[in-house]
Amino acid sequence: MKKIILAGKLNNILKETNKFLSQYFHVQLCSENGNILKGMLKIVHPDLVIISLVGTYDVDTSIFFTLSEEYPEIPVLTIGTKEESSKFFKYYENGQFENLIRPVENTMVMDAVCRKLEMDQQDAERDATAEKEKTSSRKHILVVDDNGTTLRTMKAMLGEYYDVSIAISGAQAMTSIGKKRPDLILLDYEMPVCDGKMTLEMIRADDDMKDIPVIFLTAINDRANIEAVLKLKPAGYFLKPAVKDRLLAEISKVLNSVSS
């Protein structure tokens, strides 16, 4: 499936667009912040970027400069009214950018996305069907962290290889585990209220959850902190920000040891 970054203010319009496109593509939501988008571009390597211009007064104009100057090969689709789009018209001259005028139906958005990706809807549907067949047997990983940016980054990093769920607190993690048991948990050690240690203790206290392997994520690299983490005997631990290749190798090793 093609990969799309959908950037903009999180509102009902963005949510509806995400819900529709996620039927056919890997869609990664991103805020309208230019620095966050820069980071997402390096991680996701998208085939297309879509920018919602709803609330354009808040849209970071550096997004357009970054895409046109540093990523001219990535097609960009913007969605906004004529008024919302007007101050960005200079970027539409070279063909990288295309604008859809709101209000716009999902079918028109799909047509434009397929045009920018040089494919038709049948291709997208075939890709989506093949992806569903492939992911039905994929391992499920739950990432628990109180930082939204970290959660988005980890989901983008792992989503190509695993089914990834996210939780922003220990309490939310327990609810998520109850609904769908993960094969492995990546757990932030430093969280407010219910930290990683308390969350792990809750997991191990439940007979249905206690055998789920847990890898701790910690941002503090000192001996005392690492010793405290290791005393809990997790399946592993990683310093944040995690390096993708090393993290994937550790996850694979832990999952293989559980299944063997």
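Is Lys240 buried, partly exposed or exposed? Lys240 is partly exposed, with a relative accessible area of 23%, where buried means under 20% relative accessible area, exposed over 50%, and partly exposed in between (1.4 Å probe, protein chains only). This is a predicted model, in which local features need pLDDT of at least 70 and side-chain atom pairs count only at pLDDT 80 or more, while totals for chains, interfaces and linings use all residues. Residues are numbered from 1 along each chain as its sequence is written, and side-chain values use heavy atoms, with hydrogens and water left out.

Now select Asp188 together with Lys240: their side chains meet in a salt bridge at 3.2 Å, N to O, the term standing for a side-chain nitrogen of Lys or Arg within 4 Å of a carboxyl oxygen of Asp or Glu. Because Asp188 lies in strand β8 (residues 184-188) and Lys240 in the loop between β10 (236-239) and α11 (244-259), the pair ties together parts that are 52 residues apart in sequence; helices (H or I, at least four residues) and strands (E, at least two) are DSSP runs, numbered from the N terminus. Asp188 counts as buried, at 1% relative accessibility.

Next, move to helix α11 and select Glu250 and Lys253, which are three residues apart and thus separated by about one helical turn. Their side chains form a salt bridge at 3.4 Å, N to O, in which Glu250 is buried at 15% relative accessibility, whereas Lys253 is exposed at 52%.
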